[in-house]
Amino acid sequence: RLVWNDRLAWVPIHVTPLADGPPTLVDFWPNSSPQDVGLEPGDKLLSLAGTDLRGVGRVRLLALAYGSADEALRVPLRIERGGVEQDAVLQLLRVRFPWRTVPVVVGLGLMGLLLPLRRSGARAARAWALAGVSYSLHWSLLFGPPVWQTYLGMPLFLAGATVFPPLFLRACLLTPDPAVPRGRIATGWTWVLAVNGVGTASWVLGVPFSGDLGLRIIFGVNFIAAVGAIAILARNYWKADAIGRRQLKWVLFGIYIGAAPILFAAALGALDPRFWWLYELSLVFTALAPFCIFIAFVRFNFLDIDRLLS
(Lines give C-alpha, C1' and ligand atoms only; values in the text may rest on other atoms or scores of the structure.)
Protein backbone atom coordinates (compact mmCIF):
# COMPACT_ATOMS: atom_id res chain seq x y z
CA ARG A 1 0.00 0.00 0.00
CA LEU A 2 2.81 2.40 0.85
CA VAL A 3 4.57 1.68 -2.44
CA TRP A 4 1.34 1.99 -4.46
CA ASN A 5 0.58 5.39 -2.91
CA ASP A 6 4.22 6.53 -3.24
CA ARG A 7 4.41 7.10 0.52
CA LEU A 8 7.72 5.36 1.23
CA ALA A 9 9.96 8.10 2.62
CA TRP A 10 12.75 8.93 5.05
CA VAL A 11 12.85 11.64 7.73
CA PRO A 12 16.23 13.15 6.76
CA ILE A 13 17.14 14.86 10.05
CA HIS A 14 19.03 13.91 13.20
CA VAL A 15 18.04 15.55 16.46
CA THR A 16 19.24 15.66 20.05
CA PRO A 17 16.25 15.07 22.35
CA LEU A 18 15.95 16.77 25.75
CA ALA A 19 14.01 15.40 28.71
CA ASP A 20 12.64 18.83 29.66
CA GLY A 21 12.87 20.72 26.38
CA PRO A 22 12.28 20.54 22.62
CA PRO A 23 14.63 18.47 20.43
CA THR A 24 17.37 20.32 18.58
CA LEU A 25 18.30 19.60 14.97
CA VAL A 26 22.00 18.71 14.84
CA ASP A 27 22.56 17.13 11.44
CA PHE A 28 21.04 16.06 8.14
CA TRP A 29 21.21 12.80 6.31
CA PRO A 30 24.30 12.27 4.13
CA ASN A 31 23.84 14.11 0.82
CA SER A 32 20.95 16.19 2.22
CA SER A 33 21.03 19.97 2.62
CA PRO A 34 18.97 22.71 4.32
CA GLN A 35 17.47 23.53 0.92
CA ASP A 36 16.25 19.94 0.51
CA VAL A 37 14.83 19.60 4.01
CA GLY A 38 13.63 23.13 4.83
CA LEU A 39 15.43 23.43 8.18
CA GLU A 40 18.85 24.47 9.49
CA PRO A 41 21.18 22.93 12.10
CA GLY A 42 20.51 24.42 15.50
CA ASP A 43 16.75 24.80 14.99
CA LYS A 44 14.70 23.89 18.04
CA LEU A 45 11.60 21.91 17.08
CA LEU A 46 8.83 23.29 19.30
CA SER A 47 5.76 21.57 17.83
CA LEU A 48 4.76 19.36 14.92
CA ALA A 49 1.29 19.78 13.40
CA GLY A 50 0.15 21.24 16.71
CA THR A 51 1.72 18.52 18.88
CA ASP A 52 4.13 19.79 21.55
CA LEU A 53 7.57 18.19 21.03
CA ARG A 54 8.91 18.89 24.52
CA GLY A 55 10.57 15.70 25.79
CA VAL A 56 9.90 13.79 22.54
CA GLY A 57 12.55 11.22 21.59
CA ARG A 58 13.98 10.33 18.19
CA VAL A 59 11.63 7.48 17.26
CA ARG A 60 8.56 9.33 18.55
CA LEU A 61 9.53 12.33 16.41
CA LEU A 62 9.78 10.11 13.32
CA ALA A 63 6.40 8.52 14.06
CA LEU A 64 4.74 11.92 14.41
CA ALA A 65 6.38 13.17 11.19
CA TYR A 66 5.11 10.20 9.18
CA GLY A 67 1.65 10.55 10.69
CA SER A 68 1.38 14.29 9.92
CA ALA A 69 2.86 14.42 6.41
CA ASP A 70 0.58 15.65 3.63
CA GLU A 71 0.34 14.27 0.08
CA ALA A 72 3.60 16.03 -0.86
CA LEU A 73 5.26 14.53 2.25
CA ARG A 74 5.59 17.93 3.92
CA VAL A 75 5.29 18.28 7.70
CA PRO A 76 4.28 21.61 9.35
CA LEU A 77 6.54 22.66 12.23
CA ARG A 78 6.87 25.43 14.75
CA ILE A 79 10.56 26.09 15.38
CA GLU A 80 12.84 28.46 17.24
CA ARG A 81 15.75 29.83 15.20
CA GLY A 82 18.11 32.40 16.68
CA GLY A 83 15.76 32.97 19.61
CA VAL A 84 12.81 33.76 17.31
CA GLU A 85 9.81 31.46 16.91
CA GLN A 86 8.55 30.89 13.37
CA ASP A 87 6.67 28.43 11.18
CA ALA A 88 8.60 26.00 9.02
CA VAL A 89 8.04 22.94 6.84
CA LEU A 90 9.98 19.68 7.03
CA GLN A 91 10.24 17.94 3.64
CA LEU A 92 10.48 14.14 3.84
CA LEU A 93 12.64 12.43 1.21
CA ARG A 94 10.91 9.82 -0.91
CA VAL A 95 12.60 6.43 -1.11
CA ARG A 96 14.41 6.11 -4.42
CA PHE A 97 13.09 3.35 -6.69
CA PRO A 98 10.37 2.27 -4.21
CA TRP A 99 9.17 -0.63 -6.37
CA ARG A 100 12.49 -2.39 -5.88
CA THR A 101 11.47 -3.21 -2.32
CA VAL A 102 8.53 -5.37 -3.45
CA PRO A 103 10.43 -8.24 -5.17
CA VAL A 104 13.08 -8.17 -2.44
CA VAL A 105 10.57 -8.45 0.40
CA VAL A 106 8.26 -10.95 -1.32
CA GLY A 107 10.97 -13.13 -2.85
CA LEU A 108 13.12 -13.48 0.27
CA GLY A 109 10.09 -13.77 2.55
CA LEU A 110 8.55 -16.61 0.54
CA MET A 111 11.88 -18.44 0.36
CA GLY A 112 12.28 -18.15 4.12
CA LEU A 113 8.77 -19.49 4.77
CA LEU A 114 8.84 -22.33 2.24
CA LEU A 115 12.32 -23.79 2.77
CA PRO A 116 11.66 -25.19 6.27
CA LEU A 117 8.41 -26.74 5.03
CA ARG A 118 10.15 -28.66 2.25
CA ARG A 119 13.41 -29.54 4.00
CA SER A 120 12.68 -29.36 7.73
CA GLY A 121 15.72 -31.48 8.61
CA ALA A 122 18.33 -29.58 6.61
CA ARG A 123 20.47 -27.28 8.73
CA ALA A 124 21.63 -25.24 5.74
CA ALA A 125 18.05 -24.80 4.51
CA ARG A 126 17.00 -23.48 7.93
CA ALA A 127 19.97 -21.11 7.93
CA TRP A 128 18.98 -19.69 4.54
CA ALA A 129 15.38 -19.39 5.74
CA LEU A 130 16.44 -17.29 8.74
CA ALA A 131 18.64 -15.06 6.58
CA GLY A 132 15.87 -14.59 4.02
CA VAL A 133 13.17 -13.69 6.55
CA SER A 134 15.44 -11.25 8.42
CA TYR A 135 16.36 -9.40 5.22
CA SER A 136 12.72 -9.41 4.08
CA LEU A 137 11.60 -7.80 7.36
CA HIS A 138 14.44 -5.28 7.15
CA TRP A 139 13.26 -3.99 3.77
CA SER A 140 9.56 -3.97 4.61
CA LEU A 141 9.98 -0.28 5.61
CA LEU A 142 6.82 -0.05 7.71
CA PHE A 143 7.15 3.66 8.47
CA GLY A 144 3.77 5.38 8.97
CA PRO A 145 1.45 7.01 8.47
CA PRO A 146 -0.16 5.40 11.57
CA VAL A 147 2.04 6.10 14.58
CA TRP A 148 1.89 2.47 15.75
CA GLN A 149 3.16 1.33 12.36
CA THR A 150 6.37 3.32 12.74
CA TYR A 151 6.83 1.93 16.25
CA LEU A 152 6.54 -1.54 14.75
CA GLY A 153 8.61 -0.83 11.64
CA MET A 154 11.66 0.79 13.27
CA PRO A 155 12.59 -2.21 15.51
CA LEU A 156 12.07 -4.60 12.57
CA PHE A 157 14.21 -2.39 10.34
CA LEU A 158 17.07 -2.20 12.85
CA ALA A 159 16.80 -5.85 13.95
CA GLY A 160 16.91 -7.06 10.35
CA ALA A 161 19.95 -4.90 9.64
CA THR A 162 21.68 -6.36 12.72
CA VAL A 163 21.11 -10.07 12.19
CA PHE A 164 21.04 -10.45 8.41
CA PRO A 165 24.79 -10.14 7.59
CA PRO A 166 25.88 -12.76 10.18
CA LEU A 167 22.98 -15.08 9.32
CA PHE A 168 23.81 -14.75 5.62
CA LEU A 169 27.47 -15.72 6.05
CA ARG A 170 26.48 -18.49 8.49
CA ALA A 171 24.19 -19.95 5.79
CA CYS A 172 27.07 -19.84 3.31
CA LEU A 173 29.34 -21.67 5.78
CA LEU A 174 26.74 -24.44 6.26
CA THR A 175 26.11 -25.07 2.54
CA PRO A 176 25.98 -27.84 1.48
CA ASP A 177 25.13 -29.87 4.60
CA PRO A 178 27.17 -33.06 4.09
CA ALA A 179 30.34 -31.33 2.90
CA VAL A 180 31.06 -28.86 5.68
CA PRO A 181 30.05 -29.92 9.19
CA ARG A 182 30.37 -26.76 11.29
CA GLY A 183 30.04 -26.17 15.02
CA ARG A 184 28.88 -23.06 16.79
CA ILE A 185 32.44 -21.79 17.20
CA ALA A 186 33.15 -22.17 13.47
CA THR A 187 30.12 -20.03 12.59
CA GLY A 188 30.09 -17.73 15.63
CA TRP A 189 32.63 -15.28 14.19
CA THR A 190 30.08 -14.13 11.63
CA TRP A 191 28.29 -12.15 14.37
CA VAL A 192 31.03 -9.55 14.13
CA LEU A 193 29.04 -8.24 11.16
CA ALA A 194 26.16 -7.42 13.52
CA VAL A 195 27.87 -4.01 13.71
CA ASN A 196 25.72 -3.31 10.65
CA GLY A 197 22.88 -2.61 13.09
CA VAL A 198 24.94 0.13 14.75
CA GLY A 199 25.67 1.65 11.34
CA THR A 200 22.00 1.54 10.35
CA ALA A 201 20.88 3.18 13.62
CA SER A 202 23.46 5.92 13.11
CA TRP A 203 22.28 6.45 9.53
CA VAL A 204 18.57 6.62 10.38
CA LEU A 205 18.56 8.09 13.90
CA GLY A 206 21.97 9.78 14.19
CA VAL A 207 22.99 7.69 17.21
CA PRO A 208 25.49 6.46 18.39
CA PHE A 209 27.56 7.83 15.50
CA SER A 210 27.05 10.41 12.78
CA GLY A 211 24.94 9.54 9.76
CA ASP A 212 27.93 9.75 7.43
CA LEU A 213 29.95 7.28 9.52
CA GLY A 214 26.92 5.02 9.82
CA LEU A 215 26.54 4.94 6.04
CA ARG A 216 30.20 4.02 5.63
CA ILE A 217 29.78 1.18 8.16
CA ILE A 218 26.81 -0.15 6.15
CA PHE A 219 28.77 -0.05 2.91
CA GLY A 220 31.78 -1.71 4.54
CA VAL A 221 29.73 -4.56 6.05
CA ASN A 222 27.93 -5.25 2.77
CA PHE A 223 31.22 -5.29 0.90
CA ILE A 224 32.72 -7.77 3.38
CA ALA A 225 29.59 -9.94 3.31
CA ALA A 226 29.52 -10.08 -0.50
CA VAL A 227 33.23 -10.93 -0.81
CA GLY A 228 33.02 -13.39 2.09
CA ALA A 229 30.03 -15.23 0.61
CA ILE A 230 31.73 -15.70 -2.75
CA ALA A 231 34.96 -16.91 -1.13
CA ILE A 232 33.25 -19.28 1.35
CA LEU A 233 30.98 -20.90 -1.24
CA ALA A 234 33.85 -21.31 -3.71
CA ARG A 235 35.90 -23.04 -0.98
CA ASN A 236 33.01 -25.32 0.01
CA TYR A 237 32.53 -26.33 -3.61
CA TRP A 238 35.79 -28.27 -3.68
CA LYS A 239 34.80 -30.29 -0.57
CA ALA A 240 31.30 -31.19 -1.72
CA ASP A 241 30.08 -34.40 -3.39
CA ALA A 242 28.31 -34.41 -6.78
CA ILE A 243 24.89 -33.47 -5.37
CA GLY A 244 26.43 -30.89 -3.07
CA ARG A 245 28.28 -29.29 -5.96
CA ARG A 246 25.13 -29.10 -8.01
CA GLN A 247 23.35 -27.43 -5.09
CA LEU A 248 26.24 -25.02 -4.66
CA LYS A 249 26.18 -24.11 -8.33
CA TRP A 250 22.59 -22.97 -7.93
CA VAL A 251 23.44 -21.06 -4.75
CA LEU A 252 26.52 -19.51 -6.34
CA PHE A 253 24.52 -18.56 -9.40
CA GLY A 254 21.98 -16.79 -7.21
CA ILE A 255 24.64 -15.13 -5.05
CA TYR A 256 26.65 -13.94 -8.03
CA ILE A 257 23.76 -12.31 -9.85
CA GLY A 258 22.49 -10.86 -6.56
CA ALA A 259 25.78 -9.77 -5.00
CA ALA A 260 27.89 -8.59 -7.92
CA PRO A 261 25.97 -5.32 -8.47
CA ILE A 262 25.87 -4.71 -4.69
CA LEU A 263 29.60 -5.37 -4.43
CA PHE A 264 30.32 -2.78 -7.10
CA ALA A 265 27.92 -0.19 -5.65
CA ALA A 266 29.06 -0.74 -2.05
CA ALA A 267 32.70 -0.25 -3.05
CA LEU A 268 31.81 3.04 -4.72
CA GLY A 269 29.70 4.09 -1.73
CA ALA A 270 32.50 3.34 0.74
CA LEU A 271 34.78 5.62 -1.27
CA ASP A 272 32.18 8.35 -1.86
CA PRO A 273 28.78 8.38 -0.05
CA ARG A 274 27.29 10.33 -2.97
CA PHE A 275 26.86 6.96 -4.67
CA TRP A 276 24.43 5.69 -2.01
CA TRP A 277 21.57 5.94 -4.55
CA LEU A 278 23.39 3.45 -6.79
CA TYR A 279 23.68 1.07 -3.84
CA GLU A 280 19.93 1.33 -3.20
CA LEU A 281 19.19 0.58 -6.84
CA SER A 282 21.56 -2.42 -6.87
CA LEU A 283 19.63 -4.09 -4.03
CA VAL A 284 16.85 -5.05 -6.44
CA PHE A 285 19.14 -7.76 -7.83
CA THR A 286 18.95 -9.62 -4.51
CA ALA A 287 15.39 -10.58 -5.47
CA LEU A 288 16.86 -13.04 -8.00
CA ALA A 289 18.91 -14.92 -5.41
CA PRO A 290 16.11 -16.55 -3.34
CA PHE A 291 14.64 -18.36 -6.34
CA CYS A 292 18.01 -19.94 -7.13
CA ILE A 293 18.59 -20.85 -3.47
CA PHE A 294 15.12 -22.40 -3.22
CA ILE A 295 15.84 -24.54 -6.29
CA ALA A 296 19.18 -25.63 -4.76
CA PHE A 297 17.48 -27.22 -1.74
CA VAL A 298 14.15 -28.32 -3.19
CA ARG A 299 14.90 -29.38 -6.80
CA PHE A 300 18.63 -29.17 -7.43
CA ASN A 301 18.35 -31.22 -10.67
CA PHE A 302 16.07 -28.62 -12.28
CA LEU A 303 17.46 -27.59 -15.71
CA ASP A 304 21.12 -27.98 -16.60
CA ILE A 305 22.92 -25.58 -14.26
CA ASP A 306 26.24 -26.02 -16.07
CA ARG A 307 24.71 -24.98 -19.38
CA LEU A 308 22.86 -22.15 -17.62
CA LEU A 309 26.11 -20.87 -16.13
CA SER A 310 27.94 -21.06 -19.44
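Predicted model: local features only at pLDDT ≥ 70, side-chain atom pairs only at ≥ 80, totals over all residues.
Arg 74 is partly exposed, with a relative accessibility of 41%. The side chain of Arg 74 meets that of Asp 70 in a salt bridge, 3.4 Å from N to O. Asp 70 is itself partly exposed, at 30% relative accessible area.

A further pair involves Arg 78 and Glu 85, whose closest N and O atoms lie 3.6 Å apart in a salt bridge. Here Arg 78 has 29% relative accessibility and Glu 85 has 47%, so both count as partly exposed. Salt bridges also link Glu 40, Asp 43 and Arg 81 into a network. The count for the model comes to seven salt bridges.

Now move along to helix α8, which spans residues 211–237. Asp 212 and Arg 216 are four residues apart in this helix, so about one helical turn separates them. Their side chains form a salt bridge of 3.3 Å, N to O. Arg 216 is partly exposed at 33% relative accessible area, and Asp 212 is partly exposed at 33% too.

From there, look across to helix α9 (residues 242–271), whose axis comes within 8 Å of that of α8 and crosses it at roughly 155°. Because of that angle, α8 is roughly antiparallel to α9. The crossing of the two is left-handed.

Definitions and conventions. Residues numbered from 1 in each chain as written. Heavy atoms only, no water. Axes fitted to C-alpha atoms, helices over the stretch in contact; angles between N-to-C directions. Parallel < 35°, antiparallel > 145°, perpendicular 65-115°, else oblique. Left-handed = near helix turned anticlockwise from the far one by under 90°. Salt bridge = Lys/Arg side-chain N within 4 Å of Asp/Glu carboxyl O. Buried < 20%, exposed > 50% of the residue type's maximum accessible area, 1.4 Å probe, protein only.
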